[in-house]
Amino acid sequence: MAAHEPVAAHRSANAQGVSERTTLYDGRKAAHRLHVLVVGCGMGGLAAAHCLGQAGHKVTLFEAAAAIGEVGAGIQVTPNVSRLLRRWGVGDALEEVAVRPEAIVLRKYDTGERVAYTRWSDMHEQYGTPYYHIHRADLHKLLFDLAAPFMTLRLKSTVVSVDPDVPSITLASGEVVYGDLIVGADGVKSMIQRVVLGHTNPAEPTGDAVYRAIIPPHLLLEHPELKGFVDVPEMTGWMGPARHVMAYNIRSKKEFNIVLAHPDDGSVESWTAEGSADKMRADFSDFEPRIRKLLSFVNSTLKWRLMDRKPLKTWIHPSYKVVLLGDACHPMLPYRAQGAAMAIEDGAVLGNLLSRLAHPAQLRVLLQAYEDLRLARTAETQRQSRLNQQIFHLADGPEQAARDAEMRQAMEIELRMMRDGVSPSEGLEGSPNQWADRKKNAAQFEYDADAAVERWWRDIGMGTENMLSRL
């Protein structure tokens with residue numbers, strides 16, 4: 001199979017019927033039911049469709065593609081997302097099809113020397129839910145199965161214009177579809193974003209592109225120097241000048257995923273563009289022998305330009321009938337493994353908020369709450385992702401040596417904690433290994449989208465409901 005062709009989900013990535021047996025929001029359904037038009041069938045669009053459907057709303061989802069599918073690449077499900085997925089009923093499926101990494105390890109690009117180590121096997125113990133590595137197609141399929149009972153799916157339905165005041169969307173066929181709320185989950189090239197902002201605000205190239213490939217693990221097991229990458233499932237990174245590599249197991253260690261970031265030399269903004277395996281090998285020819293051996297197994301690769309955008313001033317059209325979600329409003333570098341996570345959280349927050357919709361006038365308040373709860377968090381996550389670009393890609397020299405020394409210090413504290421069985425007093429705030437920074441970890445991984453809404457409702461939202469009830 002060519003690298004750019006859609007990949008079928010694993011047979012264990014099956015959540016059919018699960019959402020119909022799962023109760024969210026304590027069984028609460030919106031007293032005022034909307035017809036929500038969701039544009040885009042990515043992770044965020046599906047999460048929104050599922051949660052809005054669970055909240056009692058009618059959902060129609062529009063997707064330009066002729067078929068649903070995902071590319072052959074891995075993705076990380078961090079605790080802030082696995083918490084939601086388990087609540088939504090797919091915890092058992094995750095265990096079957098994903099891999100729980102034991103740690104993140106960062107190495108020097110040319111020697112392979114380990115300079116950073118942070119344990120991840122205790123994620124469940126620390127944050128109440130695990131960290132997973134999974135195939136993109138498998139995660140997409142689980143989300144699709146959750147959303148399917150609650151949505152009408154319209155494939156080959158390219159949206160060409162939006163009337164934000166009605167609201168309505170016009171398809172390329174000329175058909176006009178009317179609804180009560182439009183959710184723009186149409187990705188980094190979002191057309192809905194132009195409607196919300198009133199002008200074009202294109203995502204900006206970050207200067208990086210990535211190669212992505214999947215290697216059969218039996219090839220690693222045949223080589224003693226590579227065998228450990230399968231036997232001990234860690235996320236291993238190699239940091240080098242203007243480049244880095246990340247590699248980890250997916251699909252119950254039946255596939256080995258590798259991602260290679262490098263200076264953009266004319267890539268395209270596409271998940272499905274095929275790159276040159278020979279060019280990939282040449283771009284990383286100065287990396288340590290184990291990387292060169294891994295790349296010798298790669299026959300085809302995906303090549304993807306990485307885009308970013310400064311935080312938007314608003315995600316909501318002034319009519320309060322069109323709202324943005326996911327990469328349409330906050331695309332980010334994948335260097336913190338939070339792009340899909342933020343989109344899924346968006347969908348969870350929006351669904352929970354709109355489960356409380358009792359009166360048409362309340363929609364404005366709830367959509368503003370959605371933006372207030374989400375914009376600052378996603379902006380900070382974008383910032384951390386950009387920071388890792390700088391940290392990982394330092395040229396050889398004094399800054400790189402200082403980075404490595406700080407990372408080694410954090411690693412020594414981590415290993416001492418594991419050896420002695422005690423929690424260290426050091427929080428390691430500001431460590432260049434952001435996964436060693438316990439304050440950042442707590443902010444990212446302890447986050448519970450539903451709990452955030454519950455706090456807002458208790459502190460602010462309940463008062464607005466009481467005010468509207470007197471109108």
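What separates R383 and E380 in helix α12? The two residues are three positions apart in that helix, so about one helical turn lies between them. Their side chains meet in a salt bridge, with an N to O distance of 2.8 Å. A salt bridge is here a side-chain nitrogen of Lys or Arg within 4 Å of a carboxyl oxygen of Asp or Glu. Helices (H or I, at least four residues) and strands (E, at least two) are DSSP runs, numbered from the N terminus.

The model is predicted, and local features need pLDDT of at least 70, side-chain atom pairs count only at pLDDT 80 or more, and totals for chains, interfaces and linings use all residues. Residues are numbered from 1 along each chain as its sequence is written, and side-chain values use heavy atoms, with hydrogens and water left out.

R383 is partly exposed, with a relative accessible area of 36%, and E380 is also partly exposed, at 32%. Buried means under 20% relative accessible area, exposed over 50%, and partly exposed in between (1.4 Å probe, protein chains only).

Across the whole structure, 28 salt bridges were found. One of them joins D264 to R305, whose closest N and O atoms are 2.7 Å apart. D264 lies in the loop between β15 (255-263) and β16 (274-275), whereas R305 belongs to strand β17 (residues 301-308), so this pair ties together parts that are 41 residues apart in sequence. D264 is partly exposed at 22% relative accessibility. A further salt bridge forms between the side chains of R356 and E454 (2.8 Å, N to O). Because R356 lies in the loop between α11 (339-354) and α12 (362-392) and E454 in helix α15 (residues 449-469), the pair ties together parts that are 98 residues apart in sequence. R356 is buried at 6% relative accessibility, while E454 is partly exposed at 33%.

Rolling a probe the size of a water molecule over the atoms shows where empty space is left. On a 1 Å grid over the protein atoms alone, a cavity is a set of points where a 1.4 Å probe fits but cannot get out, and lining residues have an atom within 4 Å of a point. Grid points are joined across faces, edges and corners, and a volume is the space filled by probe spheres set on the points. The search of the whole structure found one cavity of 30 Å³ or more, and the largest cavity holds about 40 Å³ of space. Its lining consists of K108, Y109, M239, G240, P241, L394, D396, Q400 and R403. At least two lining residues come from each of β13 (235-240) and α13 (398-420). By type, the lining comprises four nonpolar, two polar and three charged residues; Ala, Val, Leu, Ile, Met, Phe, Trp, Tyr, Cys and Pro count as nonpolar, Asp, Glu, Lys and Arg as charged, and the others, Gly among them, as polar.

V176 lies in strand β10 (residues 176-178) and is partly exposed at 36% relative accessibility.

How values were computed: 1 Å grid on protein atoms, 1.4 Å probe; cavity = no way out; pocket = protein on both sides within 12 Å on 5 of 7 lines; lining within 4 Å.
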